[in-house]
Amino acid sequence: MILISHRGNVKGPRPGLENNPDYITKAVEMGFQVEIDVWRVEDTLYLGHDAPEYKIRESFLMNDNFWCHAKNLEALSWLLANGPKCFWHENDDFTLTSTNRIWTYPNKQVEQDSIIVCKNYEDTVKSSKLQIFGICSDFVGDLR
């Protein structure tokens, strides 16, 4: 089972640091994959949850440890054309990633190819016992 840090978090939410390129890089250096929020505005790429916040180079996204959550259509189009692992969703129960994994909203049914998003510590621990492909959580550091 792969462990995916949610926006760079490994030991709980840190809203002021989430999606910061340095914070994300630290999670990767700790051995985690990372879900990041990607925007594309006027041919420029950014990271940020609710809005484009951190301007990044295209090369930054060329990391196999990233799961890029496209936050707008322009980002999704660019990601699909350029190869990073990606997906788009809002409140869908499930969405298919560019690698044919099933990105699963919290507390929904899962299959062996599912990556489930866990909103809290308890759900993270409970989901770690499932036969699934991966977990995306703010608490992946507690599973090691």
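Predicted model: local features only at pLDDT ≥ 70, side-chain atom pairs only at ≥ 80, totals over all residues.
**Entry 1: around strand 10**

I followed the chain from strand 9 and saw that it passes through helix 3 (residues 121-127) to get to strand 10. That β-α-β crossover is right-handed. Strand 9 covers residues 114-118, and it pairs with strand 10 in the parallel sense over four bridges.

Then I checked strand 1 (residues 2-6). Four bridges join strand 1 to strand 10, and these two run parallel. I also noted that Ser 5 stands opposite Ser 137 in strand 10.

Which residues point one way from strand 10 and which the other? I wrote down Gly 134 and Cys 136 for one way, with Ile 135 and Ser 137 for the other. They are all buried.

**Entry 2: the largest pocket**

I got about 360 Å³ of space for the largest pocket. I counted 21 residues in its lining, and the ones nearest its centre are His 6, Arg 7, His 49, His 69 and His 89. Strand 2 (33-41), strand 5 (66-70) and strand 9 are the elements that each give two or more residues to this lining.

How many of the lining residues are nonpolar, polar and charged? My tally came to nine nonpolar, five polar and seven charged.

I located Arg 7 in the loop between strand 1 and helix 1 (21-29). Is Arg 7 buried or exposed? Its relative accessible area is 12%, which is under 20%, so I put Arg 7 down as buried.

Asn 100 is not a glycine either, and I read a positive phi of about 65° for it. I found Asn 100 in the loop between strand 7 (94-96) and strand 8 (102-104). Asn 100 has 53% relative accessibility, and the cut-off is over 50%, so it counts as exposed.

**Entry 3: the nonpolar cores**

In soluble globular proteins, nonpolar side chains tend to be buried together. I went to see what this model has.

The largest nonpolar core has 23 residues. Those with the most contacts inside it are Ile 36, Val 38, Leu 47, Leu 61, Cys 68 and Leu 79. Among the elements giving two or more residues to this core I listed helix 1, strand 2 and strand 3 (44-47). Which element gives the most to this core? I found that helix 2 does, with four residues.

Apart from that core I came across another one, of eight residues, including Ile 2, Ile 4, Phe 87 and Trp 103.

**Entry 4: two distances**

Pro 15 sits in the loop between strand 1 and helix 1. I marked Pro 15 as exposed because its relative accessible area is 68%. From Pro 15 I went to His 49, 34 residues apart in sequence, and got 9.5 Å in space, C-alpha to C-alpha.

Leu 45 belongs to strand 3. I marked Leu 45 as buried because its relative accessible area is 3%. How far apart are the C-alpha atoms of Leu 45 and Ala 27? I got 21 Å for this pair, whose residues are 18 apart along the chain.

Methods
Residues numbered from 1 in each chain as written. Heavy atoms only, no water. Buried < 20%, exposed > 50% of the residue type's maximum accessible area, 1.4 Å probe, protein only. Pairing = 2+ DSSP bridges. Right-handed = clockwise from strand over helix to strand, strands pointing away. 1 Å grid on protein atoms, 1.4 Å probe; cavity = no way out; pocket = protein on both sides within 12 Å on 5 of 7 lines; lining within 4 Å. Points joined across faces, edges and corners; volume = space filled by probe spheres on them. Nonpolar A, V, L, I, M, F, W, Y, C, P; charged D, E, K, R; others polar. Core = buried A, V, L, I, M, F, W, Y, C linked by side-chain atoms within 4.5 Å.
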